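User: I would like to learn how to read the contacts between two chains. Please take me through an example.

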Amino acid sequence: MAQTQAFETDFWKDANLRKVWDDIVPGEPRKTIPYTLTKEAIELYCKSVGETHPIYFDEAYAKTTRYGGLIAPPSIHILLMFSCTPADDWMRSPGTVNAGQSWSYNIPARPNDVITLQARALDKFIKRERLFVVHDNVFFNQKGDVICSGRGWTIRPM
Amino acid sequence: MTTTFEKLRAGDAIDGPAFAVSRDSIRLFCDASLDYNPLHLDDEYMKGSFGKTNFGGIIMHGMNNFGLISRMITDWAYPAGAIHRRLETRWVKPVRPGDTIQPSGIIKAKQVTEKSRWVLIDVVVKNQTGEKVATGEALVEFPRDLFCH
């Protein structure tokens, strides 16, 4: 998909366009972009964490399961977080440190799903001289079904 | 032996896969996740301090831990017809190239609700010296209409 080909891997390039901790308004929606999840993207993600279960790769096997076809691993939201947000999103600020995340899973993402994200900063605070932002996120498929929802704690660069 | 909700007991263990962390594995995770934060790529940048943190070199993505824990949970749940419903994690120590990490889980509690059955699992990722690098909790649903393989 075009949005994948255009992905800017140099996170410094748009650094000056991104909000710093002071600019981030809890409750304000983040800009997001739809993303078509391909079988190839799922397979690459699986490779990166050593996933080998046939439900992600073998269509004939996957058809015999409760899901009736190929699915993505639940943790595919790790990819979706970056594929569904633009280059100026503050999650890409160099030096952003991930402190922890929690995710709830409703239904699996599948190959060729067109995935959308609703996301915002939920809270920001200072603890032990570190600048924290809490972000919350909900991913939907093309039918409007919730795939998963999650919250993360990041330490912002200073 | 297939795991069943009835047979599970608090204290039962789940073993996850060992994972060798290298510069290549971190780079692959960048490509797979599209997370190209210089924390994971740029040796020069990581020599410096930023904020209150100095890692002294590139580090693995915290979410690589998350992906490994999730893999352990789903590989355990699928054969039992169970569904991975939630994962909460916190990163305790950075992971660096050359480390070998391994997730594991301990059944913490079982709960029956009006419409389903649930298992809470304490999860941890340790490095090759036994240090905890990530901790958390997972929730797995064992639906009454089990769809087993």
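Analyst: Two residues are in contact if their C-beta atoms, placed from the backbone, lie within 7 Å. Here 38 residues of chain A are in contact with 38 residues of chain B. The model is predicted: local features need pLDDT of at least 70 and side-chain atom pairs count only at pLDDT 80 or more, while totals for chains, interfaces and linings use all residues. Residues are numbered from 1 along each chain as its sequence is written, and chains are lettered from A and ligands numbered from 1 in the order in which they are written.

User: Which element gives the most to the side of chain A that touches chain B?

Analyst: Strands (E, at least two residues) and helices (H or I, at least four) are DSSP runs, numbered from the N terminus. On that side, strand E2 (97-105) of chain A gives the most, with nine residues.

User: How does E2(A) pair with strand E3 of chain B?

Analyst: Two strands pair if DSSP finds at least two bridges between them. E2(A) and E3(B) (residues 83-91) are antiparallel, with five bridges. In E3(B), B:Thr89 is the bridge partner of A:Gln101.

User: What is A:Leu79 in contact with, beyond its neighbours within four places in sequence?

Analyst: Its contacts there are A:Ala41, A:Tyr45, B:Ala32, B:Ser33 and B:Leu34.
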